[in-house]
Amino acid sequence: MLDSFARFLKVLNSETEPGQISLALAFAMIAGFTPLLSLHNLLIILMVLVLRVNLSAFIVGLTVFTGLAYLLDPLFHQAGYSVLNNESLKELWTSMYNTSIWRLERFNNTIVMGSLLLSLLAFIPFVLTVNYLIVRYRTSLLRWVEKLRIVKLIKGSKFYGVYKSLSGLTGA
Amino acid sequence: MKKWIRWPGFIVFIAVIVLVAGGSYLFAGSIVKKLIEHSGTDLLGARVELDRVNLSVMPLGFELQNLQVTNPDNPMQNAVQVKRIKFFMSAMELLRLNVVIDEMSVDNVRLNTRRKESGAVLKKAKKAVAPEKSQGLDFSLPKIEFPDVKDILSREKLRTLDLAQEAETELDNARDKWEKNINALPDKGKFQAYEDRIKSIKPVKTGDTVKDIQAISDALGELKKIKKDIKQDIARIKKAKSDLSQDAKTLRTQFDHLAKAPADDYAHLKEKYSPSSSGALNISRALFGNTITYWVNVAADWYRRLSPVLKNAIDDEKTQTPQQVRHKGIDVRFAEDAPSPNFLIKSAHVSLELEVGDIRGEINNITSNQEVLGLPLTFSFFADKLKNAGELELVGTFNHTEPGHSEDKISFRLARYKVENFVLSESDTFPLSLKQAQSDLQAEVQLNENELTANMLSAVQSAEFVTTWNKKPGSLARSMENALKDVNAFEIKVDISGSKENYDMDVSSDLDEIIKNAIGQQVRQSIDKFEKQLEDRIKEKTTAKIAELESRFGKADQLQKKLDKREKLGDEQLELAENNIDALIKAKKNKLKKKMDNLSDKDQKKIDKLKKKYKNLFK
């Protein structure tokens, strides 16, 4: 995990395309918020592997969002419950319920529906926001951060050793 | 475009999928095996084991080998051991997360097999409720020991004594009341005073006819006033007599009840404490009750074990609350084009290898949700080559298709079941066994919701009863033994009604009548003796009191006589007054006649005129 986090920091501080990082984190958000063994997560894995998104960012993001999901479960349940019991959508849900692939997806579960819906809604705003934050971080915050006493202390720590070794390996 | 796509990633993805699918195929058997073992063990609280699970892909199915389910009450024994369970599943339904098994075969089912090692688990998650064991084959001879009569009478309140107390109070009240009433009535003195007054009224003779007539008229007036007073007094006495008679009548009725009360007390206590000869001799319940109760409990226990299978899953979901959703959520259901329950075994063929022989059967529509399926669970088992019996047939339906209503029916038939050395009673007072017999058994059980009705008929033939005495039997036991020696055939009927938890069981048999005839004489004598004692003691306790009260009640007659005497005195005085009045009227008439005879015509006219004027005076 320490390696992944170090890799993530390295990527963050490198010249890697911000979109690759933000997209990886957005995919991680879907996979982390929703139950891992869901059918749609197979598609997420496929996209993470095929699209050139940052894998370290995805792994770190998956860990963080899975932890967050435990806290947000009641919210997901409420959202899923409301949507699934919405009368105007009942016909759509009934039609999907009678289709095997959707039943396998377990769309009728309140947690699956709530978490998937909220993470999909947050997907694009999340990508744009993270993109913006990465750019801002690299242009102004990075230099200021490196001057901080706490950062200097970290640079003397084991973690920084790992980080440096990775940098050395990759030549970054 | 190339900047955003990395095709090797697709290869990696495919490789991962293939790896997962291959791994699933390879390890599916082990996974299912562990799943069944863990969930079974958790559910039963005793170890559930499988030797092997094989998966077949086309068609999709499993084969479970040597399933062993430990008996939670006896860890060194398997409750059930099945050599092979094989079934195929609908892949399409599995995609909908429904486990639908079209056909299942369950081969070589054996019960109560020995285990090589203990199947106990440290933590019992859920302990199945074991059936109540038979309380031993104990047996008591018909109860002909009676409670002590003295104890009964010291414990029981006699109605006779209560009535006597009431009667005594009434009698005392009546006595006080009548003593007061009689004292207020005219007595001998008063009547004597009347007599004196009557006798003292005598008109004074002056020689003047007119004055004498006037004196007689005055005397008559006074006498008539006394007569009126006497009449009033007599009326008071008569009224008092009538009232007294009414009170006496009421008391008499009370005393009549009191006189009958000892007989009523006797009847009540006899009913309560004296065992009737028929009630004491329900020999069939005493002999077969425990065995029947044991098997009823076994059946109830199996029903309890099967209940979770019949329990409606939809009902469970309806009762779920949002608090239960943490990390799991709720599966919201929608209308299905072709509804299917989450779990269904359409048909299971079962073969049982029991000690008594092989039994084959079929169970249809095993599901957790009959409401969705719309079909009841049905089963039928048959055997015709049993060791100690002819044919066995077990047919049943568990219908839980309608919400809020269930109807379960089981019909059982066992022909020519051979009984050998079947111990009916281990009691020292009457150790009885059925050395041999052959029985045809039929039973029907119906459970509507919680309302249970069941009846069973066992026709026993070629019966031979034996007794193995450890001590010298009593005369009653000997009589029963002799009676049973002659019994070759008999029937046992069992009727059960009530609820699953609380039912009444009625066991009857023609053995009851046989035993009753054999020992009825002895029991009757004892009962007669007890009843005579009871009757005598009740009489002893009540007779004296009743006699005392009767005696006191007899004194009411004296009051009546007293009143009669006073009425007589009144009548005498009335007669005296009337006689005197008559005499005075006569004397007055004579005086007037004499005067009239001596009057001139002129005077006669004056008299006529006066008569008219004072006509009232001459009446």
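**Stop one: rings in chain B**

Select Tyr294(B): with a relative accessible area of 24%, this residue is partly exposed (buried is under 20%, exposed over 50%, partly exposed in between, with a 1.4 Å probe and protein chains only). The model is predicted, so local features need pLDDT of at least 70 and side-chain atom pairs 80 or more, while totals for chains, interfaces and linings use all residues. Residues count from 1 along each chain as written, chains are lettered from A and ligands numbered from 1 in written order, and side-chain values use heavy atoms, without hydrogens and water.

**Stop two: rings in chain A**

Now pick Phe65(A) and Phe126(A), both buried. Their ring centres are 5.8 Å apart with planes at 70 degrees, so this pair is edge-to-face (Phe, Tyr and six-membered Trp rings pair with centres within 6.5 Å; planes under 30 degrees apart are stacked, over 60 edge-to-face, the rest tilted). Back in chain B, the Tyr294(B) and Trp295(B) rings have centres 5.4 Å apart and planes at 75 degrees, so they are edge-to-face too.

Next, select the cluster that ring pairs make of Trp93(A), Tyr97(A), Trp102(A), Phe107(A) and Phe334(B).

**Last stop: a charge over a ring**

Stay on Tyr97(A) and show Arg103(A): its charged end sits over the Tyr97(A) ring, 4.0 Å from the centre (the rule wants NZ of Lys or CZ of Arg within 6 Å of the ring centre and within 35 degrees of the ring normal).
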